[in-house]
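Here's a quick briefing to read alongside the model. Have a look at the structure first, then work through the notes below.

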Amino acid sequence: MKTAAKPLGLYVHIPFCKQKCAYCDFYSLSGNEGLMDDYTDALCAHLTETAPFAAGHTVDTVYFGGGTPSYLGEKRLVQILKTILKKYRVDRHAEITLEANPDSAGDQKALKALRKAGFNRVSLGMQSACDEELREIGRVHTMDQVRAAVEAARKAGFDNLSLDLIYGLPHQTQDRWAANLAAAVDLAPDHLSCYGLKVEEGTPLYTRRDDAGLPGDDEQADMYLYTVDYLRRFGYFQYEISNFARTGRESRHNLKYWTLGEYAGFGPGAHSDFGDVRYAYEKDLAGYIRGVREGTPMLSENDRIPPMDRDTEWLMLGLRTVRGLDPKVFEQRFRRRFSMFLPFLTQCEQAGYAVYEEDRWHLTPKGFLVSNQIIGGMLDVLAEDKRRRTEAAARGDFRVRLD
Ligand code: SF4
C-alpha cells in the first residue's frame, strides 16, 4: 500500500534590501546587488541538490521572505520558483508567498509575470500609512506607493494579499495608530500582521532609543487591544498573537511553524525543521554562495530533536495561536498527563488571561499581552514534572506514568 506523502513547507531567504531600516535586525544587506545573480544560481543549485531528500514529501507551502524578495527582480524570482516546481513535488493548491516592499512591487508587468510563474500570495511591508513615520524608521517607500502596489497586485491577479503593520513607532499616538489601521483596512487585504515595535540591540533605533519618542509598554498594550477589537469588527479574526485573517486566509506557511510542521529553509540565516533535525545556515551571504559551490561548511546549528523532546516547543508555539492547546494531543504525543497544567491554567483563567472552550485551552487578547510570563509558568510546571520523573526513575519507581 502506498503511504501518503508528508507535507513540507519551503522557505527561501532573500537577504537583499535597498536600504536598512532603523529598527531591523533581520539578516539582510544593502549595497550587495552585485551578488544577486550568483546568489540566485547558488539557491537554485542548493534547492536542486536537496530535492532528493524531500522525495517522500509534497510541498504545500513555499515562502520567499527576507530581506526584500521583490528587490531581487522578477526574472531571478521566477528562475528560483521554476527550479522548485521542477525539482520538488509541489501540490497543485500550494500557497506560494512573496514578501514585497511597496517601492519594488508597483510594476504591473513584473507582478503579472510572478503570478503567471505560480506565486499566488503577496505579503506587503506597509508598516505605516503616515509618510513621516515611514521616513523616521528608515523605510524607503511612501503610502502612495503602498496603494499603487496593492492595486497593481490585485490587477495582476493576486487574490490573496497580506499587509504588515508596526505599532508603537516613534512619536506614535493611539489616534495615529488607529488611522494607520483604518487606512490598511480600506485597502481590503485578506490578511494583516500587526507587530509591536521591538527595539533590538545593535540597530540604529536602539542607539537613539532615549530620544526617539517611543510609546511606553502600556500605550503599546492599548494599541494592541484596540487592534484585536477593531479588526474583528471588520471581519479579520485573530488566529495568532500578531496575525489576523479573513476566514480561510490564514498564512498556511506560518501555521506550520506554530504547529511543529516540517519546513526546509534555504539561504543565509534560514532555519529548517526537517526529518526531526533542526538546522540553520550561517548568516553570511558570500559564505553561503561559496558553501554551495565548493561544499564548504555553511551550518550554524544542527540538532537532532527526538519527537518526545518537543513538548516545550509544542507548548510555547501552541500558546501563540488562538487554537491553543488540545490536552488530548499533548497526552497522545508526549505520554504525559495534561492535568499537571490545570492549577496554573485555572489561575490564568480566573485572571482573564486564558479560556477553556471546545476542549482546548487558549489565551485571550489580554493573555497574549503577557504570553511570555504565561509560557514561562507552563514551562516551570513541565520542568517540575520532568524532575519528579527523573527522581522516581532513579529510585527505580516506575509508577509515574500516564494512566
Ligand atoms: S525591508 Fe525588512 S528586512 Fe529590509 S531592512 Fe527593512 S525591515 Fe529589514
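Aspartate 359 sits in the loop between strand S13 (354-357) and strand S14 (360-363); helices (H or I, at least four residues) and strands (E, at least two) are DSSP runs, numbered from the N terminus. Keep in mind that this is a predicted model, where local features need pLDDT of at least 70, side-chain atom pairs count only at pLDDT 80 or more, and totals for chains, interfaces and linings use all residues. Residues are numbered from 1 along each chain as its sequence is written, and side-chain values use heavy atoms, with hydrogens and water left out.

**Around aspartate 359**
- With 46% relative accessibility, aspartate 359 is partly exposed (buried is under 20% relative accessible area, exposed over 50%, partly exposed in between; 1.4 Å probe, protein chains only).
- Leaving aside residues up to four places away in sequence, aspartate 359 touches Leu325, Asp326 and Pro327 (contact means heavy atoms within 4.5 Å).
- Lysine 328 is 31 residues from aspartate 359 in sequence, but their C-alphas are 8.8 Å apart.

**Salt bridges**
- There are 23 salt bridges in the structure (a side-chain nitrogen of Lys or Arg within 4 Å of a carboxyl oxygen of Asp or Glu).
- Aspartate 273 pairs with arginine 310, with closest N and O atoms 2.6 Å apart. This pair links distant parts of the chain, 37 residues apart, and both residues are buried.
- Arginine 388 and aspartate 385 form a salt bridge at 2.9 Å, N to O. They're separated by about one helical turn because they lie 3 residues apart in helix H15 (residues 371-394).
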